[in-house]
Amino acid sequence: MQKFFEVEKNTSGKARAGKITTDHGEILTPIFMPVGTVASVKTVHQHELSEDIKAQIILGNTYHLYLRPGMEIMQEAGGLHQFMNWEKPILTDSGGYQVFSLSSSRKMTEEGVKFKSHIDGSYHFISPEKSMEIQRQIGADIFMAFDECTPYPCEYNQAKLSMELTHRWLKRCIDWTNENKEIYGHKQHLFPIVQGSTYSDLRKISAEVISEAGADGNAIGGLSVGEPEEEMYRITDEVTDILPKDKPRYLMGVGTPWNIIESIGLGIDMMDCVMPTRNARNAMLFTWQGVMNMKNKKWEKDFSPLDEFGTSYVDRDYSKAYVRHLFVAKEYLAKQIASIHNLAFYLDLVKVAREHIIAGDFYEWKEQIIPQLKQRL
């Protein structure tokens with residue numbers, strides 16, 4: 001039987017190249033996962049995601065899909081893969097982060113979270129068991145345990161109580177998952193989430209509890225919520241020291257191209273973020289040469305290709321001057337072109353990082369490439 005995860009190449013540090021095998025296909029790691037919150041990666045067609053951007057796995061969002069279109073439609077469609085016509089792997093988050101961000105309209109208890117829908121103001125309740133049930137109905141290949149994500153900054157005692165609640169909820173998630181079979185005929189893999197804010201002792205305790213759960217993979221949550229980058233790297237480094245080496249490690253909600261390269265260097269295998277598409281819609285492009293603001297006047301008469309080092313068709317087909325014109329004119333096509341470019345760049349970034357891991361010169365390359373990625377063009 002095929003192993004869910006295997007490490008194909010280690011480095012002198014923590015960076016590694018691996019392979020995750022799901023019933024919907026293989027994922028070569030390290031990998032970046034485009035975010036398809038409501039069964040759609042914003043402004044991008046599925047065939048572009050697959051053929052041009054070369055996404056190997058995408059994300060769906062439990063909270064949003066539960067509210068709309070709802071689980072009755074999801075199940076009648078045959079799950080999210082069928083509903084959105086995506087044949088490759090999908091990961092769903094647990095809804096915990098969305099509930100955390102609704103702090104003004106939610107009530108939390110040991111049992112779960114009562115919250116108000118941002119769509120119509122109706123009240124709903126999600127418990128660990130309910131989150132697992134929704135994710136079963138969505139049918140993601142990889143799904144997350146229900147957790148509480150703390151804000152930054154966070155008082156020590158609040159972070160500790162929250163972490164302990166997340167651990168108690170994890171047991172309930174595992175029990176429910178063991179008692180309820182998959183419904184679409186493919187295997188689903190549960191990942192628990194390490195919490196503990198920026199406190200090293202809490203993160204150590206959480207990483208040990210999460211490791212002992214023996215899940216197929218593990219996630220690190222509660223970072224990239226406003227803390228300084230150095231804090232994020234420090235906690236990631238400490239947690240990856242503890243998490244099992246033979247399981248994939250997923251750093252949730254990260255980040256910029258340089259965050260991604262640094263995180264890979266700290267032993268992270270999987271990352272996701274809305275940044276490439278959100279920033280694209282605001283005219284910010286990430287490239288191997290640095291960051292471009294496409295509204296800047298300097299591109300007004302630049303008829304060279306959008307990105308001569310880009311891997312997407314949009315990089316060849318459109319000029320900088322044209323894309324700037326579209327943004328200034330507020331044309332929807334501008335957002336689409338920029339989103340495809342940024343996502344293709346992110347996937348190229350992790351592909352090249354993997355190549356350097358295999359070649360054995362990842363850390364030298366990292367030191368050279370990060371200053372370049374941060375430049376403002």
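In strand β9, Y123 is the bridge partner of K116. This is a predicted model, in which local features need pLDDT of at least 70 and side-chain atom pairs count only at pLDDT 80 or more, while totals for chains, interfaces and linings use all residues. Residues are numbered from 1 along each chain as its sequence is written, and side-chain values use heavy atoms, with hydrogens and water left out. Helices (H or I, at least four residues) and strands (E, at least two) are DSSP runs, numbered from the N terminus.

**The sheet**

- Three strands make an open sheet in the order β7-β8-β9, with antiparallel pairing; two strands pair if DSSP finds at least two bridges between them.
- Because β7 and β9 stand at the edges with a single partner strand each, one side of each is left without a neighbour in the sheet.
- From one strand to the next, the twist averages 15 degrees.
- In general, strands of a sheet pair through backbone hydrogen bonds, either parallel or antiparallel.

**Strand by strand**

- Strand β7 (residues 106-108) is joined to β8 by three bridges, and the two run antiparallel.
- Across this pair, R106 stands opposite F115 in β8, and M108 stands opposite V113 in β8.
- β7 and β8 form a hairpin, with four residues between them.
- Strand β8 (residues 113-116) has V113 and F115 on a covered face, and K114 and K116 on an uncovered one.
- Four bridges link β8 to strand β9 (residues 123-126), and these two also run antiparallel.
- The hairpin of β8 and β9 has six residues between the strands, and G121 in the turn has a positive phi of about 80 degrees.

**The helix pair**

- Helix α14 (residues 332-359) packs against helix α15 (residues 362-374) at an angle of about 155 degrees, with the axes 9 Å apart; axes are lines fitted to C-alpha atoms, for helices over the stretch in contact, and angles run from 0 to 180 degrees between N-to-C directions.
- That angle makes α14 roughly antiparallel to α15 (angles over 145 degrees count as roughly antiparallel).
- α14 passes α15 in a right-handed crossing, meaning that the near helix is turned clockwise from the far one by less than a right angle.
- The contact (heavy atoms within 4.5 Å) is made by F345, L349, V352, A353, H356 and I357 of α14 together with F362, W365 and L373 of α15.
- By class, this contact has eight nonpolar residues, one polar and no charged ones; Ala, Val, Leu, Ile, Met, Phe, Trp, Tyr, Cys and Pro count as nonpolar, Asp, Glu, Lys and Arg as charged, and the others, Gly among them, as polar.

Conventions:
Parallel < 35°, antiparallel > 145°, perpendicular 65-115°, else oblique. Buried < 20%, exposed > 50% of the residue type's maximum accessible area, 1.4 Å probe, protein only.
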